[in-house]
Amino acid sequence: MKRAVQGVLAATACAVAVAIPGWAYATPSEGISGVTWVDIEVLPGLLPFVPDGVHAVAREITIEPGGSTGWHYHDGPVLGIVRAGTLTHPEGDCEPVTFETGDFINEPSGPDHLHVGRNLGTEPVILDVVYLVPIGSPLFEDVPAPACD
């Protein structure tokens, strides 16, 4: 009986993984690490220029040679600076865009702006990044790679 229940649970888990688009097929990150410097919530109404509030997170992100963030998008804008290395950053059209040390990165929000960050070089890429996402939203939403990738 116990083995039958385990079989049903395993089959159900496989069916759910196939039935939920983007979940089972999201592109995983690899060779990436981060250190959070600041993680705060600005509550709605606290500042006049942020009427809905915002979850603000400042991080240092390191992408090792050959590493990737995986395909994703953000629910709010993300601003960053490349502190070291060269970041290859194609968007949904898969056209490579490169950011060199000292370059500013502005990632607009929403699923229309899916992208991946890759380190195709031989030295680590180090990014200083600020996420400005709605309160209660994750920092990023994983998505499957577009057909062009």
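Q: Why is Phe49 called exposed?
A: In this predicted model, Phe49 has a relative accessibility of 65%. The label requires over 50%, so Phe49 counts as exposed. Phe49 is located in the loop that lies between strand E1 (30–42) and strand E2 (54–68).

Q: What makes Phe49 part of a nonpolar patch on the surface?
A: Phe49 forms this patch with Leu43, Leu46, Leu47 and Ile135, and together they have about 500 Å² of accessible area.

Q: Why is Cys94 called buried?
A: The relative accessible area of Cys94 is 18%. Buried means under 20%, so Cys94 falls in that class. Cys94 belongs to the loop between strand E5 (87–88) and strand E6 (98–99). Its phi is positive, at about 65°, although Cys94 is not a glycine.

Q: How do you know that strand E4 and strand E7 pair?
A: Four bridges link E4 (residues 78–84) with E7 (residues 104–107), in the antiparallel sense. Pairing requires at least two bridges, so these strands qualify as a pair. Within E7, Ile105 is the bridge partner of Gly80.

Q: What makes E4 and strand E8 a pair?
A: E4 and E8 (residues 125–133) run antiparallel and are joined by six bridges. The requirement is at least two, so E4 and E8 pair as well. In E8, the residue opposite Gly80 is Val129.

Q: What share of the chain counts as buried, and how much surface is accessible?
A: Of the 149 residues, 32% count as buried. The accessible surface comes to about 8,800 Å², and carbon and sulfur atoms account for 63% of this area.

Q: What share of contacts joins residues at least 24 apart?
A: Among contacts between residues at least 6 apart in sequence, the share is 74%.

Q: Where does pLDDT stay under 50, and what does the chain average?
A: The values stay under 50 over residues 1–24, for which the model has five contacts beyond four places in sequence. The chain averages a pLDDT of 84, and 83% of the residues score at least 70.

Notes:
Residues are numbered from 1 along each chain as its sequence is written. This is a predicted model: local features need pLDDT of at least 70, side-chain atom pairs count only at pLDDT 80 or more; totals for chains, interfaces and linings use all residues. Side-chain values use heavy atoms; hydrogens and water are left out. pLDDT is the predictor's confidence in each residue, from 0 to 100. Contact means heavy atoms within 4.5 Å. Patches are made of residues with over 30% relative accessible area and no salt bridge: like charges are joined within 9 Å, nonpolar side chains (Val, Leu, Ile, Met, Phe, Trp, Tyr) within 5 Å. Accessible areas come from the Shrake-Rupley method with a 1.4 Å probe; for residues, only the protein chains shown count as cover. A salt bridge is a side-chain nitrogen of Lys or Arg within 4 Å of a carboxyl oxygen of Asp or Glu. Helices (H or I, at least four residues) and strands (E, at least two) are DSSP runs, numbered from the N terminus. Buried means under 20% relative accessible area, exposed over 50%, partly exposed in between (1.4 Å probe, protein chains only).
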